[in-house]
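Please look through the sequence and the structure below before reading the report.

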Amino acid sequence: MSATPPVVLLIEDDPQIRRFLRASLGAHGYELVEAVTGRDGLAQAAARTVDVVLLDLGLPDTDGLEVTRRLREWSLVPILVISARGQEADKVAALDAGADDYLTKPFSLPELLARLRAARRRAAQAAPGQDEPVYVVGELRVDVARHQVVAGGREIHLTPTEFKLLALLARNAGRVLTHRQLLKEVWGQAYLDNTHHLRVQMHGLRHKLEPEPARPRYLLTEPGVGYRLQAE
Ligand code: CA
């Protein structure tokens, strides 16, 4: 059994972060490929098989947003954006452009490893021919194919809109979805600015699913960005 190590392509101009990730990801069984510029990152992504892209937003030649758009023209590789605090608008733009998730610097190694595992799991589940899996987080169980939701040992009745929203979050468990992405998928293109709808539905879902709705354990708010269903 000689499984090839998963390959992470790191596109990042900060040498300290590159050094930290080279040592730590290597020690956890990943092969790290590094690029300092957006141009080099795109070339590396095209030249070899990459399992996950870790992408800095502020690059010397172009920004991570442009790299995301260019990559998404031909690749479905999971893209995890890493960016400094206070760049909420940039994160949202990157997610809307097709990035899968983001991490705010400084981030911890366990957090990064968990996000990498979640990104790879989703990529594997998205492969063709896979049945709709059942999502289990703590005491929450979402069976999308059977339209069945169990929380705290009880089967929960959801409205069609609540179910649609929860199913979308469950299919993307562990990944942040932006307000626009959720509104577009659940309500449609004409409702992109109606964040009020989303708040109301999320409030209802939390009251049905969360042991303590005011302190959500499953349906997490990403301030200024969107929502995430806890994955592990
Ligand atoms: Ca940078």
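This is a predicted model: local features need pLDDT of at least 70, side-chain atom pairs count only at pLDDT 80 or more; totals for chains, interfaces and linings use all residues.

Residues are numbered from 1 along each chain as its sequence is written, and side-chain values use heavy atoms, with hydrogens and water left out.

**Calcium site**

The calcium ion has as its protein donors Asp 13 (OD), Asp 56 (OD) and Gly 58 (O), which lie 2.2 to 2.3 Å from it, and their spacing along the chain is D-x42-D-x1-G. Asp 13 sits in the loop between strand S1 (7–11) and helix H1 (15–27), and Gly 58 in the loop between strand S3 (52–56) and helix H3 (64–72), so the pair ties together parts that are 45 residues apart in sequence. Donors are N, O and S atoms within 2.8 Å of the metal (3.2 Å for Na, K and Ca), and because water is not among the atoms, sites may look incomplete. Helices (H or I, at least four residues) and strands (E, at least two) are DSSP runs, numbered from the N terminus. Asp 13 counts as partly exposed at 30% relative accessibility, as does Gly 58 at 44%; buried means under 20% relative accessible area, exposed over 50%, and partly exposed in between (1.4 Å probe, protein chains only).

**Nonpolar cores**

A nonpolar core is a set of buried Ala, Val, Leu, Ile, Met, Phe, Trp, Tyr and Cys residues joined through side-chain atoms within 4.5 Å. The largest one has 29 residues, and Val 149, Leu 169 and Leu 209 have the most contacts inside it. Helix H6 (160–171) is among the elements that supply at least two residues each, and the largest share of this core, seven residues, comes from H6. Apart from this core lies another, of 25 residues, including Leu 59 and Val 225.

**Helix pairs**

The axes are lines fitted to C-alpha atoms, for helices over the stretch in contact (heavy atoms within 4.5 Å), and angles run from 0 to 180 degrees between N-to-C directions.

| Pair | Angle | Axis separation |
|---|---|---|
| H1 and H5 | about 65 degrees | 12 Å |
| H7 and H8 | about 85 degrees | 10 Å |

H1 and H5 are therefore roughly perpendicular to each other, and so are H7 and H8, a class that covers 65 to 115 degrees.

Conventions. Angles under 35 degrees count as roughly parallel, over 145 as roughly antiparallel, 65 to 115 as roughly perpendicular and the rest as oblique.
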